[in-house]
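Trainee: Could you take me through this model, giving the general idea of each feature before the case at hand?

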Amino acid sequence: MTQVLEEEETAVVAAPRRSRLTGGRALHIYTWIVIGWLTLPVLVMILFGFNDTPGRYNQTWEGFTLKWYGQVFALDELTKALVISLLVAVATAVVAGALGTGIGYALGRYRFRGSGTVNLIMFATMSSPELVMGASLLTLFVSLGVGLGAVTITIAHIMFSISFVAVVVRARVLTLDRSVEEAAADLGANAWTTFWRITFPIIMPAVMSGMLLAFALSIDDFVVSNFTAGTTTTFPLWIWGATRVGLPPQVNVMGTLIFLGGVLIAVVTSIRSRPRRPAA
Amino acid sequence: MTTGVDQDPGHPAIELAGVHKDYLSHGETVQAVRRMDLSIAQGEFFSLLGPSGCGKTTTMRMIAGFEEPTGGTVFLDGRDVTRVSPNKRDVNMVFQSYALFPHLTAYQNVAFGLERKKVDKAEIRRRAGEIMEIVSLTGMEKRAPREMSGGQQQRVALARALVNRPRALLLDEPLGALDLKLRQQMQVELKRIQREVGITFVYVTHDQGEALTMSDRIAVMEAGRIDQLGTPREIYERPATRFVAGFIGTSNLLDGTVESVSGDVAVLSYGEGERVLVPVSAATGVGDALEVSVRPEKIDLAQDAPTGAGLSVLSGVVTEVVYHGTSTNYTVKTSAGPDLVIFDQNAYSAEDLAGPGDRVYLSWSPQHSYPIGV
C-alpha cells in the first residue's frame with residue numbers, strides 16, 4: 001500500500017518535468033490518434049442513429065432527428081432478434097461466469113494432475129478459429145440430433161466464453177494472498193464459508209469482468225451463431241440479413257444503447273474497484 | 001529449568017512430542033523439523049527464534065494445523081490435535097502479512113471468528129468492543145484495512161485473533177513489516193496485551209532483540225532442531241552452542257587449551273601475563289581444549305595493565321573504533337585468536353578510551369567467560 005502511494009507521489013513530482021521534454025508533445029499527439037482510431041467508428045454509429053433518413057438506407061446524412069429513438073422497437077423482427085440476443089448473452093454470462101470461476105479458481109489455487117492440460121485446452125479454445133469451432137459444433141449438434149435454436153446458440157456461446165472467464169479469474173486468484181484464506185480457516189470457517197464469505201467477495205471484480213467479457217462476446221457473435229442458430233435469428237444475424245436491403249436507423253439506436261450500457265457498467269465497475277487512499 | 005508462568009498445574013498449553021516434518025523438494029527429502037519435543041506452559045510468552053529456513057514457521061504452522069506432521073503428536077491442552085483441521089483448533093494466528101479481509105471493516109474482521117462460533121450479536125459487540133479497546137482501536141471500527149496504517153492493521157490482526165480467547169495465540173513475525181520505532185513500540189504493547197489477556201503467546205521471529213525483550217522463554221532453532229531452550233538471560237549469558245553464541249547478540253569466541261585448573265576455574269594461557277579464566281565443571285582437566293564465549297559489554301578496555309589478580313587479561317592493538325551513540329565499539333587484535341569486539345558504554349567517558357594503533361589491555365571477571373558445549 002505504501003509502495004503504491006510512493007509511486008503515485010513520484011509520478012506527481014515527475015510529471016511537469018516530463019512534459020517539458022520534446023517527447024511529451026509527440027506522446028500527446030499519438031495518444032489522441034489512438035483515441036480517435038478507437039472511437040471514430042462508434043461515433044459514426046451513434047451519429048447515424050440521429051439521421052433523418054427517409055427510407056431504409058442510412059448511409060448519407062440527411063439531418064438531425066430523434067424520431068428513431070421513439071420508434072426503436074417499431075420493427076418486430078429486429079426487436080425479437082435483440083431480445084433473443086440479450087437472453088442468450090445473459091444466460092451465457094451467468095453459466096460461463098459460474099463454470100469459468102470454478103476453473104479459474106482451481107487453476108490459480110491448486111496444482112493438480114491435469115492442471116497443465118486444462119490450461120492448454122483453455123488457450124486452445126480461445127485461439128481456435130471461430131469458423132472451425134462453428135462448423136464442428138454444427139456437426140456435433142446435427143449428429144446428436146439436437147434441434148438448432150436459442151439453446152444450441154447458448155451452449156455454443158458458453159463453450160467459447162468459459163475460457164475467457166477462467167483466465168481472468170485465474171489471474172486474480174494468483175495474486176490473492178493465500179494467508180487470507182488460511183486466516184479464515186484459523187478463525188473457524190470451513191471451506192464453504194471461507195469461499196463465500198472471504199474468497200468470492202475478494203475475487204468478485206474479476207468474476208464481474210469475466211462475465212462482462214462473456215456477455216460482450218455473446219451479444220455480437222456472428223460466426224458461431226450462424227452455424228448453430230437454425231431458423232432462430234439473433235441481433236447480429238438479423239443485421240447481416242438486413243444489410244442486403246439496407247440498414248434501418250433502429251440498428252444504430254440499439255447499437256448505441258448496447259454501447260452505452262457497456263460503458264455504464266465499465267464506469268461503475270472501475271469506480272467501485274478504485275482503491276481509496278489509506279488514512280494518514 | 002522451568003521458568004514459564006505455570007499457573008495451571010494441569011496440562012501444558014502446547015506440547016510437541018517427537019514432531020517431525022519432511023518436505024519433498026525437487027525429488028529430495030528436506031527435513032524441515034526434526035523430532036522435536038517441546039512443552040509450552042499456560043500463559044507463557046514463548047519465542048521460536050532462528051534464521052530463515054530453520055523450521056520455526058513450519059513448527060508454528062503445525063501447531064495451527066496448516067501443516068500435518070510427518071511424524072509425532074501435537075497436543076493442545078493435553079488433547080491430541082495432530083489430525084484436527086485448523087478451523088477446529090482452539091488456537092489463533094497473527095499472520096506476517098496480517099491477512100486481513102480486505103472487503104470487511106475493522107469491526108467485521110474482528111467479529112468474524114465469533115460469528116463462526118454462533119456467538120449472539122450483543123455478545124459479539126461487547127467482546128469486539130472490549131478487545132478493540134485493549135489494542136487501542138476504538139473509533140476505527142468502520143475503517144477498511146486499506147484505510148489504516150501498518151501499525152493499525154497489525155492491531156486489527158491481533159484483535160481479530162484475541163477476541164476468540166484462544167488457548168494460545170500464534171504470532172508469525174508479526175512486526176516484520178513495521179518500521180523500527182513502531183516495532184519497538186509494538187513490542188512493549190504486545191507484552192502489555194499478553195499480560196492483560198493472560199493467553200499463551202507463541203512468537204516466531206528471526207529478530208533476537210525482539211525475542212530477548214518479550215519472551216519468558218526462547219527456543220533457538222537451527223536446521224530443524226532446537227539448539228537451546230531457556231530464559232532470555234540464560235540464552236544470552238550462557239549460549240549452549242557456537243551457533244547460539246553467534247546468533248544472539250555479538251559474541252567473542254576464544255579457543256584455548258586448559259593449562260591448569262584451580263577449584264572450579266580453569267586457566268587458558270596465551271603468553272606472558274595473558275590468560276583467560278573460565279568457570280568449569282569437575283570433568284574438565286589439564287590439556288582439554290575449550291571454546292569460550294565472552295560478551296563484548298563485559299570486557300573492560302584500558303591503556304594500563306589491570307591490577308586485579310582474579311581477572312582474565314589479554315593485550316592487543318586497537319584496529320577500529322566505531323562510535324554508536326550509547327556506546328563505542330572497539331575492535332582489538334590479540335594473540336588469542338580472532339579479533340575481539342568490546343562495547344564501552346558512553347556513560348562516563350566523553351572521549352574514546354583508545355584510538356586505532358594503541359596498545360591496550362582487556363580484562364573481565366571469570367564469571368563472564370562461558371565455555372560452550374560443555
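Mentor: We shall take the sheet, then the chain contact, then a helix pair. This is a predicted model, where local features need pLDDT of at least 70, side-chain atom pairs count only at pLDDT 80 or more, and totals for chains, interfaces and linings use all residues. Residues are numbered from 1 along each chain as its sequence is written, while chains are lettered from A and ligands numbered from 1 in the order in which they are written.

Trainee: In what order do the four strands of the chain B sheet lie?

Mentor: Strands are DSSP runs of E with at least two residues, helices are runs of H or I with at least four, both numbered from the N terminus, and two strands pair if DSSP finds at least two bridges between them. Here the open sheet of chain B has the antiparallel order β2-β1-β4-β5. Because β2 (28–40) and β5 (79–80) of chain B each have a single partner strand, they stand at the edges with one side left without a neighbour in the sheet. Nine bridges join β1(B), residues 14–25, to β2(B), and B:Tyr23 stands opposite B:Val30 of β2(B).

Trainee: How many residues does each chain give to the contact?

Mentor: Residues are in contact if their C-beta atoms, placed from the backbone, lie within 7 Å. Chain A gives 20 residues and chain B gives 21, and α8(A) gives the most to the chain A side, with six.

Trainee: At what angle do α4(A) and α9(A) pack?

Mentor: Axes are lines fitted to C-alpha atoms over the stretch in contact, with angles from 0 to 180 degrees between N-to-C directions. Helix α4(A), residues 76–109, packs against α9(A) at about 140 degrees, with the axes 8 Å apart.

Note on methods:
Contact = placed C-beta atoms within 7 Å.
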